[in-house]
Amino acid sequence: KGSLINIYIPKKNQKPNQVLLDTNFKEDFNGEPLALDRNIFELLSSAIHNDSLILSKINVIDYSLLVIISDIGESDMKLLRVGIIDYIRKYTWDKQLEHVGKIIINGLNTPTIISPNDYRDRFKAAAAMYFIGV
């Protein structure tokens with residue numbers, strides 16, 4: 001999501017096959033981005049750009065990027081599956097009110113609820129930190 005709030009599940013609280021969060025991904029890869037073939041990286045970047053643009057135009061917020069990394073047989077190769085999920089929340093008047101309320105409560109800290117365009121920018125910036133083309 002790119003949010004800086006609630007983005008880690010401590011190892012002691014993790015369950016088998018549980019979907020983990022942004023900071024868990026960074027921890028598992030020692031803070032390094034996941035290296036992808038340049039062509040795959042460009043396709044992924046384009047897909048994230050286009051999909052998040054569509055979502056922002058229809059006022060959707062609160063979506064996430066799901067990354068599944070699987071072993072392929074006995075080789076060192078991995079299968080990477082990526083998709084945007086949870087794209088059902090609209091930026092309605094109650095979410096706008098929640099945004100203002102969280103700014104008042106949290107002060108200048110960035111709230112988790114932000115406008116669709118700001119959400120898209122934050123989402124794309126976060127996704128860009130997790131992958132690199134080689």
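Predicted model: local features only at pLDDT ≥ 70, side-chain atom pairs only at ≥ 80, totals over all residues.
Leaving aside neighbours within four places in sequence, with which residues is I72 in contact? Residues are numbered from 1 along each chain as its sequence is written, and side-chain values use heavy atoms, with hydrogens and water left out.

The chain has four helices and six strands, taken as DSSP runs (helices H or I, at least four residues; strands E, at least two) numbered from the N terminus. Along the sequence they follow the pattern α-β-α-β-β-β-β-α-α-β. Of the 134 residues, 28% are buried, where buried means under 20% relative accessible area, exposed over 50%, and partly exposed in between (1.4 Å probe, protein chains only).

I72 lies in the loop between β3 (64–71) and β4. With a relative accessible area of 37%, I72 is partly exposed. Beyond its neighbours within four places in sequence, I72 is in contact (heavy atoms within 4.5 Å) with M77, K78 and L79.

M77, K78 and L79 also belong to the lining of the second largest pocket, together with F29, L34, A35, L36, I69 and L80. Two or more lining residues come from each of β1 (34–36) and β4 (78–85). A pocket here is an open set of points on a 1 Å grid over the protein atoms alone, where a 1.4 Å probe fits, with protein on both sides within 12 Å along at least five of seven lines; lining residues have an atom within 4 Å of a point.
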